[in-house]
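Q: I'm new to this one. Could you walk me through the place where the two chains touch?

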Protein chains: 2
Amino acid sequence: MRATVLEGVGQVRLVDVPDPVIEQPSDALVRVSLAAVCGSDLWPFRGQESFTPGDRMGHEWIGVVEEVGAGVTRLRAGDLVLAPFAFADGTCRPCRDGLFTSCPNGGFWGGRHDGGQAEAVRVPFAESTLVPVRAEADAELLRRLLPLTDVMATGAHAVVLAGVRPGSTVVVLGDGAVGLCAVLAARRARAGRIILVGRHPDRRDLAKRMGATDVLAADDSATVALVRDETEGGAGGVAECAGTQSALDLAIDLVRPGGTIGSVGVPNGVDSVDLYRLFRHNIALRAGVTPARRYLEPLLAEVLAGQLDPSPVLSTELPLDDVAAAYQAMNARQATKIAIRP
Amino acid sequence: MRATVLEGVGQVRLVDVPDPVIEQPSDALVRVSLAAVCGSDLWPFRGQESFTPGDRMGHEWIGVVEEVGAGVTRLRAGDLVLAPFAFADGTCRPCRDGLFTSCPNGGFWGGRHDGGQAEAVRVPFAESTLVPVRAEADAELLRRLLPLTDVMATGAHAVVLAGVRPGSTVVVLGDGAVGLCAVLAARRARAGRIILVGRHPDRRDLAKRMGATDVLAADDSATVALVRDETEGGAGGVAECAGTQSALDLAIDLVRPGGTIGSVGVPNGVDSVDLYRLFRHNIALRAGVTPARRYLEPLLAEVLAGQLDPSPVLSTELPLDDVAAAYQAMNARQATKIAIRP
């Protein structure tokens with residue numbers, strides 16, 4: 001089959017690899033229906049995160065089960081399934097606590113495991129990892145479902161970590177796909193006011209359509225004072241959806257004493273946290289990789305009911321043959337997120 | 001009157017200063033009944049925190065009201081009062097949220113404000129700051145009340161920040177006065193297991209008498225593995241009561257995925273937080289200076305009811321004349337905490 005690999009900095013290529021096979025009784029083989037390029041795929045692509053040449057790529061994907069191992073009884077060939085960006089055994093203490101991403105037997109798609117930007121994937125711990133859709137899916141529904149596997153779950157996690165409650169005010173930092181999904185999630189959580197702070201003026205209208213009540217520029221020096229004025233000294237919750245040093249510093253500027261920063265961006269290049277400022281004003285820092293599996297069922301139910309549509313974060317769609325072009329476009333910020341169709 | 005000042009590194013002296021007078025209608029003048037030397041007093045004493053020569057010292061104290069300003073109606077001369085280590089206006093947004101230490105009009109005792117290691121103190125915002133005891137107090141009761149103003153409130157805050165719930169397991173890091181008070185607070189919060197990790201073998205028995213179910217050595221390389229084994233991969237809550245880099249790093253080693261570190265020690269010399277490890281395992285970091293005022297009434301009620309006695313953290317008592325000797329003894333770790341009687 002064909003699979004996307006990272007051969008060097010800036011060098012993504014579609015190559016022929018051996019077809020995956022069932023290795024363990026708990027495995028499933030899944031044919032990929034739709035995948036995406038994630039902002040975090042760009043870190044190794046840019047050489048800002050270590051990788052081994054030949055690493056498989058892609059951790060956002062959905063597909064159709066082709067074959068299951070002897071131990072898999074709750075899934076069958078033909079099922080359309082959502083794959084959270086991490087697989088997990090479902091039985092250890094972290095999994096029982098809903099911390100699937102801390103499973104000692106689990107892992108993330110890509111690298112030495114199969115990646116989602118490919119024709120098929122071997123899924124370990126298939127029953128505890130995959131969530132069947134149990135509905136007929138056309139191309140439009142696939143586009144609505146795909147973001148659940150990472151960015152929509154991550155937006156939901158950001159809002160949980162930031163402690164958003166009905167009627168509360170939340171600042172969402174970052175207008176990438178995760179930030180936009182956090183806006184959707186904050187609306188689901190019935191936040192009273194959703195202030196998106198981002199760097200891309202061209203995403204302002206989209207953010208408002210997705211539920212932001214205010215959109216402000218991260219690089220405008222007036223933004224901090226404006227948010228503080230409007231929120232009696234800062235927001236109770238800030239959902240930090242970028243994972244950069246400047247975003248974390250800005251989050252501390254925008255949160256009120258006693259408030260909470262929920263941070264879901266992979267901390268890339270973040271080398272300091274102003275612990276004294278957190279301490280001085282009792283600001284909670286809740287940073288965490290999203291245990292996406294925990295969020296899939298409720299998000300799926302809302303998509304199927306027509307109450308949630310994160311597909312606007314997919315700015316375009318390309319065939320798998322053009323995966324290298326998709327990376328180039330994402331890297332040049334010509335697209336928020338690109339869907340890849342095998 | 002006489003007051004303790006810091007004249008240089010290692011140089012604490014009792015000097016004559018002008019008697020404090022009422023300056024604002026909301027002030028009270030309070031004669032100090034009992035004060036203490038706090039571990040955090042040692043930071044500037046050792047030159048590990050900046051100070052201005054001549055700074056007043058002492059932020060843990062209780063006393064008797066001598067005179068009140070025209071705007072003070074709920075306190076009168078003769079009232080025995082508890083003074084939380086920060087004063088606050090009681091009306092701003094942070095105060096209304098219970099974040100008295102973030103009051104923009106408030107401050108901390110000592111420095112350019114009056115200090116508690118003195119004969120008397122001018123108290124700004126007296127009504128919102130001071131808590132009257134409304135009971136006859138003998139020397140023993142004064143010793144039980146004094147720790148509420150800082151270390152006992154801080155122990156209680158650590159337990160709140162660490163998210164201790166009935167039946168849960170908490171690791172308390174630090175066997176100084178705050179750590180020992182956190183043990184008491186964890187017992188009040190009905191923690192099922194209270195594991196104290198400290199550096200002083202001689203405090204082991206005291207810690208157990210105060211409620212620790214286990215006492216382990218911070219510098220024993222087996223401690224991390226032992227705690228992880230006993231808690232299925234780490235404690236859900238860690239109350240970090242030291243404020244040092246090594247304690248924070250150890251806290252991250254001892255907390256489970258999805259758990260919470262409550263950190264109440266002033267971060268002194270802490271220059272890095274392993275944000276990636278927090279992120280990787282969804283560990284919440286809740287660091288905060290204690291808004292002591294918030295905790296005084298419930299703690300006072302428990303002391304008066306005979307249900308709480310933090311006085312064992314006071315290892316000895318010296319007259320105000322010997323305050324310099326008290327600093328020397330605390331600095332040499334010959335005492336957990338020394339009470340000072342004017």
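A: The contact draws 26 residues from chain B and 26 residues from chain A, where two residues are in contact if their C-beta atoms, placed from the backbone, lie within 7 Å. This is a predicted model, where local features need pLDDT of at least 70 and side-chain atom pairs count only at pLDDT 80 or more, while totals for chains, interfaces and linings use all residues. Residues are numbered from 1 along each chain as its sequence is written, and chains are lettered from A and ligands numbered from 1 in the order in which they are written.

On the side of chain B that touches chain A, at least two residues each come from helix H2 (93–96), strand E15 (255–263), helix H10 (275–280) and strand E16 (284–287) of chain B. Helices (H or I, at least four residues) and strands (E, at least two) are DSSP runs, numbered from the N terminus. H10(B) gives the most to that side, with five residues. By class, that side of chain B has 14 nonpolar, seven polar and five charged residues; Ala, Val, Leu, Ile, Met, Phe, Trp, Tyr, Cys and Pro count as nonpolar, Asp, Glu, Lys and Arg as charged, and the others, Gly among them, as polar.

Now for the strands. E16 of chain A (residues 284–287) and E16(B) run antiparallel, joined by three bridges; strands pair if DSSP finds at least two bridges between them. Here A:Arg286 stands opposite B:Ala284.
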